[in-house]
Amino acid sequence: MPNRWVRLLFTTTLLLPAFPLRGQSHQATLTDAGPVKDIAMSVRLSDTPVLPATSPGAPPKFDPADHRNPPQVPNHDANGRTCPPHQDCPPALKLRIISIIPNSFPFATDLEQFGNAIVTSAWMVQFNAAYDIPGPAMARIIKVDDMPDLNQGKKEVSDYRDYIFKKARAAGIEKAEHHQTIYVLYIPCDDKHLPRAGMDSFGCSSHHPGIDPTAQQKDKLFGPTDSMAVMLGFNPRTQPSTITLDSATVAASHELAEAATDTKGLLQFKLHTDDPEHPYIDSGSNAGGSPWVRESGTVELADMSEGARVSEPRQGSTGMFTYPRIYSNKASKAGGDPAVPPASFPYYNVSTDQDWVSVTAGQSVEIPVTAWSTQSIDSWDVNARVARWMGHTATPPAAAPCSLSTKRWDAHNNFKFNVRVQTTPAQPAGAWCILNLKSSKSVPFGDEFHEWFVGVIIRPPTPQDEPCVCGDGFKAGPAAKAGTEACEHICRGHERH
Ligand SMILES: [Zn+2]
């Protein structure tokens, strides 16, 4: 965390939208010197000379390298069909956000302020605008001393539903017609707890369970599209605690945004496949065979821009609240930074021309990658890893069928490199792996990283892929395959005698 002084100066820059927001790189150059940079630099690097700003109205010419942006994420109707082309998706409702916070939770007082601040935040305004969610949102806070924790016993989503009902009714909260109410719960969760961590199959990962009310609860409080957003990132058994205020507000608003945009009966923006064991196949559920789909079969809007952040000044207090920037179909389609609210630092990422490449089991393939940024910035790190594969989540998990020889690059706009993927031989039919290419750069109050996904489909070898072995046992070099003319030619001198 940078110190508070820089924090306050950064706040100032956020409040001055008339300033062109340019890169705050460490390397001072004429092209990216601007008023904002000068303010930040004069504090952070006092020995850096203040450079003259470029003349107004003549921004330096910069061309982001040709690239693809992440896929468009479709909305779905009640039958799981995309809108458009279908036109029967329900409109979004105004949001009512009720935060239920244990008094003993870390940062409980800050989270209470956050629960109120979120509804008037620029984050909320921009997120609502991106998905045509009407405003303004309403906020209520319930502070509690008896939140059921996930450190002992066994609790279900329905136990939290009943708890919410009891607490909300006691706080005088009524049914809100024409609203989607999202209950944001901060629940301590021990990820080692047996027989099962958490309230459902998501363990101690924050998520957004729907609310399936009883008849009485429906009558008195819950609407058909109400939902929870549960923040489970605090494990009281971890000493010292690793939770920060930022991690709590980011997780809570991530789940809040996804509860608002992916709840049955309302907006359902997601990439989804019915066949997550074969994600490269468009199974008719609209994922389009995208490698962005997670092992659950689904990826949602906040997930699509994981790592993107925005901080807003806190009203009546020093410091900031940090939110996850949310993937916007419109912003993404425009080709630049795909998340909202817009960032104050230039966006950077990598992309590949193809979603999937195919390779024969046992062989390697080179995947061409292009790095790009929206403005001129210093280089950033790209780290590649094999993120998912067939049988990854099985018990016991299957071994990864892919490996990478090089995993790190220093990237800049228009930098091109190949990721070499080696596959293991003897894979089951239909095997595959998905690579995560993570671009990261340290930017105070900016995005932490940006992701790209590309998949590899592993074909079983055909007779043509078999190595060329002659009648006397002589093995030709790897370029010659069985059954080819080259193999035949080589083997003419190696007949069995
Ligand atoms: Zn998510």
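**Core packing in the predicted model**

In this predicted model, the largest nonpolar core holds 102 residues. Among these, I182, V184, L185, M231, L256, I326 and L435 touch the most other members. Helix α7 makes the greatest contribution to this core, giving eight residues. The core lies between domain 2 (90–267 + 309–321) and domain 3 (345–459), because both domains give residues to it. In soluble globular proteins, nonpolar side chains tend to be buried together.

M231 illustrates the packing. Leaving aside residues up to four places away in sequence, M231 touches V184, L185, Y186, S206, A248, A251, A252 and E255. V184 and L185 are, like M231, among the core members that touch the most others.

Helix α3 spans residues 108–117. Its buried residues are L111, F114, G115 and A117. Seen down the helix axis, they fall within an arc of 165°, so they line one face of α3. The buried residues of α3 pack against strands β3 (94–102), β4 (138–144), β5 (179–186) and β10 (320–324), and against helix α7 (245–261).

A170 belongs to helix α5 (residues 157–170). A170 is exposed, because 10 other C-beta atoms lie within 10 Å, and the cut-off for exposure is 12 or fewer.

Of its 497 residues, 39% are buried. Among contacts with a separation of 6 or more, 65% join residues 24 or more positions apart.

Conventions:
Residues are numbered from 1 along each chain as its sequence is written. This is a predicted model: local features need pLDDT of at least 70, side-chain atom pairs count only at pLDDT 80 or more; totals for chains, interfaces and linings use all residues. A residue is buried if 20 or more other C-beta atoms lie within 10 Å of its own, exposed if 12 or fewer, and partly exposed in between; C-beta atoms are placed from the backbone. Two residues are in contact if their C-beta atoms, placed from the backbone, lie within 7 Å. Helices (H or I, at least four residues) and strands (E, at least two) are DSSP runs, numbered from the N terminus. The arc is that of the directions from the helix axis to the C-beta atoms. A nonpolar core is a set of buried Ala, Val, Leu, Ile, Met, Phe, Trp, Tyr and Cys residues joined through C-beta atoms within 7 Å. Domain bounds come from an automatic or database domain assignment.
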